[in-house]
Number of protein chains: 2
Amino acid sequence: MAPAGKIEAVDDHGGSLGRARALFPQAPQPFIDLSTGINPHSYPLFDLPATAFARLPEPGRARDLREVAAQAYGAPAAPNVVAAPGTQILLPRVMALVSPGRAKVLGPTYAEHARTAALAGHTVEEVSDFKDLANADVAVVVNPNNPDGRITTRAALLDLADGLGRRGGLLVVDEAFMDVGPMRESLAGDVARPGLIVLKSFGKFFGLAGVRLGFAAAEHGLAARLEAELGPWAVSGPALEIGIRALADEAWQEEMRSRLAGESERLDKLLEMFGLWVAGGTSLYRFFETPTASELFEVLGRNGILLRNFSWSKSALRCGLPADEASWSRLEQALVIWKNGKHFKGLAS
Amino acid sequence: MAPAGKIEAVDDHGGSLGRARALFPQAPQPFIDLSTGINPHSYPLFDLPATAFARLPEPGRARDLREVAAQAYGAPAAPNVVAAPGTQILLPRVMALVSPGRAKVLGPTYAEHARTAALAGHTVEEVSDFKDLANADVAVVVNPNNPDGRITTRAALLDLADGLGRRGGLLVVDEAFMDVGPMRESLAGDVARPGLIVLKSFGKFFGLAGVRLGFAAAEHGLAARLEAELGPWAVSGPALEIGIRALADEAWQEEMRSRLAGESERLDKLLEMFGLWVAGGTSLYRFFETPTASELFEVLGRNGILLRNFSWSKSALRCGLPADEASWSRLEQALVIWKNGKHFKGLAS
């Protein structure tokens, strides 16, 4: 047997109603899950042909998906794009493109980058200063960052990629939330150069995380290596059909971006009414810090509203968008209960 | 960058209508695809909850799937079972459980075992004698074999697994077609021992290859290592729901086994009427050899019926089951055209 390496347990990532029920067994049902950054307004489902379930996914249809994705994300061309059953399953493969060495992750951020880099045999360091990434073998930047929405400029990333590329290193830019980010900072159009991989998530912006669809964009050689690891039929028939339609639907995307921007502004205002000042995030989630974070998490949880808390901070919380007016109203009521519990008198409403 | 290793192109595997149309552009539509071993009588589709597409797959539901799969396949318990988006994507990970060494595949068989073993850094040899597997670091046996249906006994496989396990090697038993095979020869119940992995395919027997669902069964340590590579949410929401229902539906499975047995017998009789003597296979595909294989493949193709031919043999063909009476009738008509083209006079019908 090969050495098993350091296998770390998969961390909790939010989004589990089972975990929410276990944490807050007395909470009113249904739970309102604000623990993810997944769009609550899913791309409309449509009748899928039975053959999408029954037959092996057609290679020609997989090519169509890569074409549409290259266009939607602004990648140079279809051969630069690799489609996978979720970005998640690509991460260990991306990390293994570089011989075991030093991986550096700009943090705090999504925990799976560090876990999968360790799985690929790298020593992993989380750094908080962008400049510290320069001497890594694999550098990871989530842009915009999850959970705090920090933006790294395209110029800075290209500079880093060039430096890493010259030494045979790799820059991994996770653009899971770039659909609602400042798209001028996307590196999807720059992946023809060596030493750069850009990751894209389908499920978050399109609100279809259960479909499992994600992409890597890279130069042809790296893309071919990832493709070989995934093998034929990596993306399911339903994911092919849904992905092709949704990624080509520019009108829906345009409208959704502006809708989400409006709703995230509404969320900021609501939170501010309760003295919670949003420090960052994207249109799909808001990030704030409060000394009473654990109490807020508890009170909202007991009232059936799940926020995202973090093992690395006692004060940080992330809050996704409520799906409908009933959810907005339950969020507001729960915040009132929390404020009242803190002997807060009188809402400025 | 790590060395790219020997990346072999993914071979054709049948099942592509795009390829069929390119080969036989004048063929009548629709093509009747008999090039796979996928059950044409799919497990009945049902309305999936929208949350199966929208939300992240729930960890509790993934546990349910492993429970049901362990029960259906006769594996010791749920922690021995790893669920993946298709067996295919597991293959490179299974091959990488053993440090690069000597992989031996009992062949001729499904081409992806050799390709993914090479991808994992092994030197790969195809052997035709079971005894030659004994000194491998990774040995692969497809049971029943694809395409010829050859059965290897459980006793022989356990003996091999024990020998390999003592030396830190691994026996991979691909039971993709064991749902219709002689189940007493399955090793799914034996995976608690070291050095053994059993692979199960959901899509073939249940006729839902587009869903992408497959399993590995192994001792806890190996299962945990595969699980870590797949990461959270490996199986899509639709695949979870469909898999849980179908794998628990013993009545459907029982009835389907007997239906497929009857239909494969009917196929043998039809082929024999045309002088094609079936040498083996399973209830999901039949295997035969004829000196005029390439002509038969051509003539049937031009008549819109796709068989599976093989790069390693000029005489071997594999034929799946027609889906309905219209398809049976078109197959028979195409065989008549082929026979007439060979100046065959008078059918014994």
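Residues are numbered from 1 along each chain as its sequence is written, and chains are lettered from A in the order in which they are written. In this predicted model, local features need pLDDT of at least 70, side-chain atom pairs count only at pLDDT 80 or more, and totals for chains, interfaces and linings use all residues, while side-chain values use heavy atoms, with hydrogens and water left out.

**How the two chains are related**

Chain B is superposed on chain A by a rotation of 180 degrees with 0.0 Å of shift along its axis, giving an RMSD of 0.0 Å. The two copies are thus related as by a two-fold rotation axis. Within chain B, the residue that comes closest to the axis is B:P85, with its C-alpha at 3.6 Å.

**Where the chains touch**

The contact (heavy atoms within 4.5 Å) takes 63 residues from chain B and 63 residues from chain A. The copies meet through the same surface, because 100% of the interface residues of chain B are also interface residues in chain A.

Between chain B and chain A there are 4 salt bridges, a salt bridge being a side-chain nitrogen of Lys or Arg within 4 Å of a carboxyl oxygen of Asp or Glu. One salt bridge joins B:E229 to A:R93, with the closest N and O atoms 3.1 Å apart. Another salt bridge joins A:D33 to B:R55, where the closest N and O atoms are also 3.1 Å apart. This second pair runs from strand 1 (residues 32–33) of chain A to the loop between helix 2 and helix 3 (59–73) of chain B. Over all chains, the structure holds 32 salt bridges.

Several elements of chain B give two or more residues to the side that touches chain A, including helix 1 (17–23), helix 5 (112–119) and helix 8 (237–248). Helix 7 of chain B gives the most, with 5 residues. Helices here are DSSP runs of H or I with at least four residues, and strands are runs of E with at least two, numbered from the N terminus.

**Inside chain A**

By an automatic or database domain assignment, chain A is divided into domain 1 (17–42 + 254–340) and domain 2 (51–250). Three residues, A:I38, A:R257 and A:Y285, supply 33% of the area that domain 1 buries against domain 2, more than any other three residues.

**The two interfaces by area**

Buried area is the accessible area (1.4 Å probe) that two parts lose on being put together, summed over both.

| Interface | Buried area | Given by carbon and sulfur atoms |
|---|---|---|
| Chain B and chain A | about 4700 Å² | 61% |
| Domain 1 and domain 2 of chain A | about 1500 Å² | 65% |

Between the two domains of chain A, the count is 0 salt bridges.

Terms used
Least-squares fit on C-alpha atoms with pLDDT ≥ 70 in both.
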